[in-house]
Amino acid sequence: ECVLFADKAQKLKQALLDNYFSKETGNFFENIQGANAYGLDIGLGDDRTLSNLVSHYEKLSHFDTGFLGTDILLEVLFRKGYQDLAYELLGSRELGSFLYMKDRGATTLWEDWHGRDSHDHPMFGACTRQLFTSVLGIGQKENTVGYRNLIICPQIPKKMQYAEGSLQTENGTVSVSWHKENDQVRFEIQIPEET
(Lines give C-alpha, C1' and ligand atoms only; values in the text may rest on other atoms or scores of the structure.)
Protein backbone atom coordinates (compact mmCIF):
# COMPACT_ATOMS: atom_id res chain seq x y z
CA GLU A 1 0.00 0.00 0.00
CA CYS A 2 2.85 2.44 0.76
CA VAL A 3 4.10 2.11 -2.83
CA LEU A 4 0.58 2.83 -4.08
CA PHE A 5 0.34 6.02 -1.99
CA ALA A 6 3.85 7.14 -2.91
CA ASP A 7 3.05 6.65 -6.59
CA LYS A 8 -0.24 8.55 -6.24
CA ALA A 9 1.51 11.40 -4.37
CA GLN A 10 4.11 11.67 -7.13
CA LYS A 11 1.40 11.79 -9.80
CA LEU A 12 -0.46 14.51 -7.89
CA LYS A 13 2.69 16.58 -7.49
CA GLN A 14 3.41 16.25 -11.19
CA ALA A 15 -0.14 17.30 -12.01
CA LEU A 16 0.30 20.43 -9.87
CA LEU A 17 3.55 21.25 -11.64
CA ASP A 18 2.07 20.60 -15.09
CA ASN A 19 -1.02 22.72 -14.49
CA TYR A 20 0.00 25.51 -12.12
CA PHE A 21 3.79 25.96 -12.23
CA SER A 22 5.47 28.24 -14.75
CA LYS A 23 8.87 26.95 -15.87
CA GLU A 24 9.57 30.43 -17.26
CA THR A 25 9.00 32.41 -14.03
CA GLY A 26 9.23 29.82 -11.25
CA ASN A 27 5.80 30.85 -9.94
CA PHE A 28 2.74 28.84 -9.06
CA PHE A 29 -0.40 30.42 -10.47
CA GLU A 30 1.41 33.76 -10.91
CA ASN A 31 2.04 33.89 -7.12
CA ILE A 32 -1.49 35.20 -6.60
CA GLN A 33 -2.53 35.24 -2.93
CA GLY A 34 0.62 33.45 -1.80
CA ALA A 35 0.33 30.58 -4.29
CA ASN A 36 4.11 30.10 -4.18
CA ALA A 37 3.87 29.41 -0.44
CA TYR A 38 1.47 26.55 -1.11
CA GLY A 39 3.91 24.97 -3.56
CA LEU A 40 6.92 25.47 -1.31
CA ASP A 41 5.04 24.09 1.68
CA ILE A 42 4.67 20.71 -0.02
CA GLY A 43 8.19 20.66 -1.42
CA LEU A 44 7.51 21.89 -4.95
CA GLY A 45 9.01 24.76 -6.91
CA ASP A 46 12.61 25.87 -7.27
CA ASP A 47 14.95 28.60 -5.97
CA ARG A 48 13.06 31.21 -7.99
CA THR A 49 9.80 30.24 -6.31
CA LEU A 50 11.11 31.23 -2.87
CA SER A 51 12.89 34.30 -4.22
CA ASN A 52 9.70 35.46 -5.98
CA LEU A 53 7.63 34.87 -2.85
CA VAL A 54 10.01 36.86 -0.64
CA SER A 55 10.38 39.68 -3.17
CA HIS A 56 6.60 39.98 -3.57
CA TYR A 57 5.93 40.33 0.17
CA GLU A 58 8.90 42.61 0.79
CA LYS A 59 7.42 45.01 -1.79
CA LEU A 60 3.80 44.53 -0.72
CA SER A 61 4.49 44.70 3.06
CA HIS A 62 1.08 43.27 4.00
CA PHE A 63 -0.96 40.14 3.39
CA ASP A 64 -2.91 39.49 0.19
CA THR A 65 -3.74 35.94 1.25
CA GLY A 66 -6.91 34.28 2.45
CA PHE A 67 -7.28 32.57 5.80
CA LEU A 68 -5.53 29.37 4.65
CA GLY A 69 -2.78 31.12 2.72
CA THR A 70 -1.89 33.47 5.57
CA ASP A 71 -0.96 30.59 7.85
CA ILE A 72 0.91 28.71 5.12
CA LEU A 73 2.79 31.86 4.04
CA LEU A 74 4.01 32.51 7.59
CA GLU A 75 4.92 28.86 8.07
CA VAL A 76 7.07 28.89 4.92
CA LEU A 77 8.72 32.23 5.75
CA PHE A 78 9.68 31.11 9.26
CA ARG A 79 10.83 27.66 8.08
CA LYS A 80 12.99 29.14 5.32
CA GLY A 81 14.68 31.68 7.63
CA TYR A 82 12.69 34.80 6.71
CA GLN A 83 11.45 35.53 10.23
CA ASP A 84 12.14 39.25 9.78
CA LEU A 85 9.75 39.41 6.82
CA ALA A 86 7.15 37.34 8.70
CA TYR A 87 7.44 39.78 11.62
CA GLU A 88 7.01 42.76 9.28
CA LEU A 89 3.85 41.24 7.81
CA LEU A 90 2.44 40.48 11.26
CA GLY A 91 3.19 44.04 12.41
CA SER A 92 1.96 45.87 9.32
CA ARG A 93 -0.75 48.51 9.73
CA GLU A 94 -1.71 48.61 6.05
CA LEU A 95 -4.89 47.24 4.51
CA GLY A 96 -4.31 43.49 4.54
CA SER A 97 -3.02 43.26 8.09
CA PHE A 98 -4.15 42.40 11.58
CA LEU A 99 -3.26 45.82 12.96
CA TYR A 100 -5.32 47.44 10.19
CA MET A 101 -8.31 45.66 11.75
CA LYS A 102 -7.31 46.69 15.27
CA ASP A 103 -6.72 50.32 14.27
CA ARG A 104 -10.30 50.42 13.00
CA GLY A 105 -11.77 49.24 16.30
CA ALA A 106 -11.75 45.49 15.78
CA THR A 107 -11.79 43.44 18.96
CA THR A 108 -12.15 40.19 17.02
CA LEU A 109 -10.83 39.07 13.65
CA TRP A 110 -12.72 40.00 10.50
CA GLU A 111 -13.73 37.60 7.77
CA ASP A 112 -11.81 39.59 5.15
CA TRP A 113 -9.08 42.23 5.28
CA HIS A 114 -11.47 45.03 4.28
CA GLY A 115 -14.05 44.36 6.99
CA ARG A 116 -16.94 44.08 4.54
CA ASP A 117 -18.31 40.85 5.97
CA SER A 118 -18.37 39.26 9.43
CA HIS A 119 -16.44 41.06 12.17
CA ASP A 120 -16.25 37.97 14.36
CA HIS A 121 -14.66 35.34 12.18
CA PRO A 122 -11.68 33.58 13.84
CA MET A 123 -10.37 31.66 10.81
CA PHE A 124 -7.53 34.16 10.19
CA GLY A 125 -6.35 33.27 13.71
CA ALA A 126 -4.78 29.97 12.60
CA CYS A 127 -1.49 31.74 11.99
CA THR A 128 -1.14 32.52 15.70
CA ARG A 129 0.33 29.02 16.06
CA GLN A 130 3.46 30.51 14.51
CA LEU A 131 3.93 32.57 17.67
CA PHE A 132 4.34 29.31 19.60
CA THR A 133 6.07 27.12 17.03
CA SER A 134 8.34 29.74 15.42
CA VAL A 135 8.77 32.80 17.65
CA LEU A 136 8.89 30.78 20.89
CA GLY A 137 10.24 27.76 19.03
CA ILE A 138 8.22 25.11 20.85
CA GLY A 139 8.29 22.01 18.69
CA GLN A 140 8.79 18.31 18.86
CA LYS A 141 11.08 15.84 17.18
CA GLU A 142 9.90 14.53 13.84
CA ASN A 143 7.66 11.45 14.00
CA THR A 144 6.87 11.96 17.69
CA VAL A 145 3.61 12.95 19.39
CA GLY A 146 2.43 14.51 22.64
CA TYR A 147 5.39 16.87 23.04
CA ARG A 148 7.35 14.21 24.93
CA ASN A 149 10.46 14.81 22.79
CA LEU A 150 10.78 18.56 22.63
CA ILE A 151 12.85 20.79 20.45
CA ILE A 152 13.10 24.43 21.50
CA CYS A 153 14.37 26.45 18.53
CA PRO A 154 13.04 30.03 18.29
CA GLN A 155 13.24 31.99 15.04
CA ILE A 156 13.99 35.44 16.47
CA PRO A 157 13.21 38.48 14.31
CA LYS A 158 15.79 41.28 14.51
CA LYS A 159 13.23 43.94 15.45
CA MET A 160 11.57 41.86 18.15
CA GLN A 161 12.98 42.41 21.63
CA TYR A 162 11.27 39.70 23.67
CA ALA A 163 8.67 36.94 23.64
CA GLU A 164 7.14 34.71 26.25
CA GLY A 165 4.45 32.09 26.30
CA SER A 166 3.52 28.57 27.25
CA LEU A 167 1.89 25.49 25.84
CA GLN A 168 -0.07 22.98 27.89
CA THR A 169 0.93 19.43 26.95
CA GLU A 170 -0.09 16.00 28.17
CA ASN A 171 2.91 15.95 30.56
CA GLY A 172 2.49 19.52 31.78
CA THR A 173 3.32 23.08 30.82
CA VAL A 174 6.16 23.98 28.48
CA SER A 175 7.10 27.63 28.78
CA VAL A 176 9.65 29.67 26.89
CA SER A 177 10.65 33.27 27.30
CA TRP A 178 13.49 35.13 25.68
CA HIS A 179 14.67 38.70 25.65
CA LYS A 180 17.53 40.47 24.00
CA GLU A 181 20.22 41.86 26.25
CA ASN A 182 22.98 43.80 24.47
CA ASP A 183 24.23 41.44 21.76
CA GLN A 184 22.88 38.29 23.40
CA VAL A 185 19.55 36.57 23.92
CA ARG A 186 18.64 35.38 27.40
CA PHE A 187 16.35 32.34 27.59
CA GLU A 188 14.20 30.90 30.36
CA ILE A 189 12.77 27.53 29.47
CA GLN A 190 10.66 25.27 31.67
CA ILE A 191 9.71 21.76 30.64
CA PRO A 192 7.84 18.99 32.48
CA GLU A 193 9.99 16.35 34.20
CA GLU A 194 9.06 13.44 31.91
CA THR A 195 9.67 15.38 28.72
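Guide: Phe-63, Phe-98, Trp-113 and Phe-124 together make up one aromatic cluster. Rings of Phe, Tyr and Trp (for Trp, its six-membered ring) are paired here if their centres lie within 6.5 Å; planes under 30 degrees apart count as stacked, those over 60 as edge-to-face, and the rest as tilted. The model is a predicted one, in which local features need pLDDT of at least 70 and side-chain atom pairs count only at pLDDT 80 or more, while totals for chains, interfaces and linings use all residues. Residues are numbered from 1 along each chain as its sequence is written, and side-chain values use heavy atoms, with hydrogens and water left out.

The structure holds eight aromatic pairs. One of these pairs joins Phe-21 to Phe-28, with 4.9 Å from centre to centre and 50 degrees between the planes, and is tilted. Phe-21 is buried at 17% relative accessibility, and Phe-28 is likewise buried, with a relative accessible area of 6%. The term buried means under 20% relative accessible area, exposed means over 50%, and partly exposed covers what lies in between (1.4 Å probe, protein chains only).

Helices (H or I, at least four residues) and strands (E, at least two) are DSSP runs, numbered from the N terminus.

The chain has seven helices and five strands; from the N terminus on, its elements run α-α-α-α-α-α-α-β-β-β-β-β. Its C-alpha atoms fill a box of roughly 50 × 50 × 35 Å, taken along the principal axes. Of the 195 residues in the chain, 35% are buried.

Helix H3 also has a buried side, which comprises Thr-49, Leu-50, Leu-53, Val-54 and Tyr-57. Seen down the axis of H3, these residues fall within an arc of 125 degrees, so they line one face of the helix; the arc is that of the directions from the helix axis to the C-beta atoms. The face of H3 turned away from that buried side carries the exposed residues Asp-47, Glu-58 and Lys-59.
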